[in-house]
Structure formats: structure tokens, C-alpha cells
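Student: I would like to learn to read a model feature by feature. Can we take one structure and work through it?

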Amino acid sequence: MTTTPGQPQDGSDEELVLSPSEAAAHNSAMRISGATKGERSTRKALASIVLGFELIIVVLIGLTIFGLGITDPRWLGLVIGGVLALLCVVSLATIRFGEVGIRLGWVTHALMLATAFILPAALFVGGIFTALWVYCIVRGGKIDEQNAALRAQ
């Protein structure tokens, strides 16, 4: 039997120890995702983290569109950024209620990628956040399945 570095030789699992700042961030994400009201979902916690950071990015995309004057009525950039930011906030607010927040998150990412028709640089940033979103949703779902299997034992 081979073990990876840092893994105990007897096959037991080590307990993950978080620093105080990591523990505070984890507890915050779990609280936002509704984990204090029953089942803890890593997928929802990771999704809320991505949407929180994306909120900042969509506001900056809107301000960039406005500042560069790309759209004919210049204020349209502010409207685009505001609508995307509002969608992020609504997604964050509803993420704890079933799948509504996750689905709104997908819509948010699709619309953020669509802003690349106006501001091509948004495709790069939107692509990074969409890849991060997909990874967090898929990996978080697998972690939740593993946790459910462990609880069932």
C-alpha cells in the first residue's frame, strides 16, 4: 500500500485543522448558504463564495462599460452592471432555499459571458468565473455526496 506525503501510515484519516481566519470564512459561507438551519451543503457554500466575489466583478464590468462610453446611451453600462449585481444578490439571498439560487447563479454567469459582446475583455473574466463556478458546483456536489454516505454509515 502506498501513501501520499502527509497521509498517516496506518490508513486513518487526519482531521483537517483550519486557521482562525479560515474557520471564520468557512463559518460565514456556511451561514450564508443556510447551513445553520439543518443540512450543511458544501456546494451551496462554495457557490455563495463565487457569487460574492462575482458581485464585485459585475459592478466593475458595468463601470468599465460606462467609463469607456462603449454603449450609445452611456448610462446603459451602469444598468447592465446594476442588473447583474442585483441578480448576484438575489442568487445569494435564495441560495439557501433549494436550487433556486444555484439556477439563478447559472443565469448570472450566462449573462456575464454575454457582456463580452459589448466589452470583449469581459469574456476572459467571465470565463474564469464560470470555470470556477462549474468546478465549485461539481466538486461541492461530490463532497456533499461523500458526506451523506459517511453520515449514513
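Student: How many disulfides does a search of the whole structure find?

Tutor: First, a caution: this is a predicted model. For a disulfide, look for two cysteine sulfur atoms within 2.5 Å. Here the search of the whole structure finds zero.

Student: Is Cys88 buried or exposed?

Tutor: Read the relative accessible area. Under 20% means buried. Cys88 has a relative accessible area of 0%, so Cys88 is buried. Cys136 is buried too, with a value of 8%.

Student: What percentage of the residues in the protein is buried?

Tutor: The protein has 153 residues, and 33% of them are buried.

Student: On to charges. How many salt bridges does the structure hold?

Tutor: Look for a side-chain nitrogen of Lys or Arg within 4 Å of a carboxyl oxygen of Asp or Glu. The structure holds one such bridge. Arg43 pairs with Glu99, and the closest N and O atoms are 2.4 Å apart.

Student: Why does the pair of Arg43 and Glu99 tie together parts of the sequence?

Tutor: Place each partner on the chain. Arg43 lies in helix α2, while Glu99 lies in the loop between α3 and α4, so the pair ties together parts that are 56 residues apart in sequence.

Student: Which arginine lies over the face of Phe66?

Tutor: For a charge over a ring, check the distance to the ring centre. Arg74 lies over the face of Phe66, at 5.1 Å from the ring centre.

Student: Now the aromatic rings. How many aromatic pairs does the structure hold?

Tutor: The structure holds one. The partners are Trp106 and Trp133. Read the distance, then the angle. The centres are 6.0 Å apart, with 90° between the planes. Planes over 60 degrees apart count as edge-to-face, so that is the label for this pair.

Student: Where in the chain are Trp106 and Trp133?

Tutor: Trp106 is in helix α4, residues 100–114, and Trp133 is in helix α5, residues 121–152. The two are 27 residues apart, and the pair links distant parts of the chain. Trp106 is partly exposed at 38% relative accessibility, whereas Trp133 is buried at 0%.

Student: Which residues make the nonpolar surface patch?

Tutor: The patch covers about 970 Å². Among its residues are Ile49, Phe53, Ile56, Trp75, Leu76 and Val83. Next, sort by element. Helices α2 (42–68) and α3 (76–94) are the elements that give two or more residues. The largest share, six residues, comes from α2. Phe53 has its place in that helix, α2.

Student: How far apart are the C-alpha atoms of Ile65 and Gly81?

Tutor: Ile65 and Gly81 are 16 residues apart along the chain, and their C-alpha atoms are separated by 8.5 Å. Ile65 lies in helix α2. Its relative accessible area is 0%, so Ile65 is buried.

Student: What separates the C-alpha atoms of Tyr135 and Leu46?

Tutor: The separation is 9.5 Å, for residues 89 apart along the chain. Tyr135 is found in helix α5. At 52% relative accessibility, Tyr135 counts as exposed.

Conventions. Residues numbered from 1 in each chain as written. Predicted model: local features only at pLDDT ≥ 70, side-chain atom pairs only at ≥ 80, totals over all residues. Heavy atoms only, no water. Patch = residues over 30% accessible without salt bridge, like charges linked within 9 Å, V, L, I, M, F, W, Y side chains within 5 Å. Areas by Shrake-Rupley, 256 points an atom, 1.4 Å probe, with all protein chains shown as cover. Helix = DSSP H or I, 4+ residues; strand = E, 2+ residues; numbered from the N terminus. Buried < 20%, exposed > 50% of the residue type's maximum accessible area, 1.4 Å probe, protein only. Phe/Tyr/Trp six-rings, centres within 6.5 Å; stacked < 30°, edge-to-face > 60°. Lys NZ or Arg CZ within 6 Å of the ring centre and 35° of its normal.
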